[in-house]
Amino acid sequence: MNTAPKSRRRNLPTFAPLLPGALPRYETYHFHSAILPDDRVVSVYLPPQYAADPTTRFPVLYLHDGQNLIDPLTSYIPGRTWRVGSTADSTNQAGETQPLILVGIANTGLRRMPEYTPTRDLRLGGGEGALYGRLLVEEVKPFIDHTYRTLPGPATTGLGGSSLGGLITLYLGLRYPGVFGLLAILSPSIWWDHRSILTFVAAAKPKPNLRIWLDIGTGEGLRHVNDTQLLNRMLLRLGWQSGVDLHLLIIPNAVHDEDAWAARFDQVLRFLFPAT
């Protein structure tokens, strides 16, 4: 039994392994942060090559909304996930992408919106994105790099998410380009706080060395398509090059849900982690 005083325990990040599930190469941890109050689950999906070669190190893609990525039993809508593990396996086995480690950071329900928003909206609140970024950079990533054989540099470390997860990915990528060099920004909530993220993007000078995937479905609404196209134009003006370190995909009729994001996740991986 842990007999340390509660105040001391509250000031230390901890990762406790959870019981293994039925999914192969899938490991989960109960994570208590010293930076944000709510506990959460961090999940890790390893490529088939991980056990086969104990000397090889692998790139890592960190993804928000971790409970919706792999396990159909934990997803917000039961049975509907991004299917990131099976997709990464299939593109890897086809020789299209690098084998990589996938790390999911579960959201905390009611506090998802505060943690995934970089600024405070006068009506909706929020604005704890900087603290969530510290949680990733100071606690989660060091644990993953210590526990697993990773390639820890920014050129081999990605960050991704959808909706508000796409918004916080853009913000944290620009805030920590020396940590996350590959960004997967799906269906981003650019609308948040009167599109304040665009002011933050405009200040990204000199241009950070980031490779960015950006997408939106036309079924998500014209406003969001226009916002995403505006963001793409801003990035081009700042020095990103289409097809080189920036890719915009507009998907006809695609809507704002896990099935839509799962359907294009293979393209995300091919752009950010192409086979070498």
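Colleague: Why is His-194 called exposed?

Modeller: In this predicted model, His-194 has a relative accessibility of 75%. Exposed starts over 50%, so His-194 counts as exposed. His-194 lies in helix H7, residues 192-195, and has a positive phi of about 55° although it is not a glycine.

Colleague: And what makes Arg-195 partly exposed?

Modeller: Its relative accessible area is 37%. The partly exposed class runs between under 20% for buried and over 50% for exposed, so Arg-195 is partly exposed. Arg-195 is also found in H7, and its phi is positive too, about 60°, without Arg-195 being a glycine.

Colleague: Let's turn to H6. How do you know that H6 is mostly covered?

Modeller: Of its 12 residues, 11 are buried, among them Leu-164, Ile-168 and Tyr-171. Buried here means under 20% relative accessible area.

Colleague: Why are H5 and H6 called roughly perpendicular?

Modeller: Their packing angle is about 65°, and the axes are 10 Å apart. Angles of 65 to 115 degrees count as roughly perpendicular, therefore H5 and H6 belong to that class. The contact involves Gly-129, Ala-130, Tyr-132, Gly-133 and Leu-136 of H5 with Ile-168, Tyr-171, Leu-172 and Arg-175 of H6. By class, that contact has 6 nonpolar, 2 polar and 1 charged residues.

Colleague: One more, about a peptide bond. Which form does the bond from Lys-205 to Pro-206 take, cis or trans?

Modeller: The bond is cis, with omega near -5°. Pro-206 sits in the loop between helix H8 (197-202) and strand E8 (211-217).

Technical notes. Residues numbered from 1 in each chain as written. Predicted model: local features only at pLDDT ≥ 70, side-chain atom pairs only at ≥ 80, totals over all residues. Heavy atoms only, no water. Buried < 20%, exposed > 50% of the residue type's maximum accessible area, 1.4 Å probe, protein only. Helix = DSSP H or I, 4+ residues; strand = E, 2+ residues; numbered from the N terminus. Axes fitted to C-alpha atoms, helices over the stretch in contact; angles between N-to-C directions. Parallel < 35°, antiparallel > 145°, perpendicular 65-115°, else oblique. Contact = heavy atoms within 4.5 Å. Nonpolar A, V, L, I, M, F, W, Y, C, P; charged D, E, K, R; others polar.
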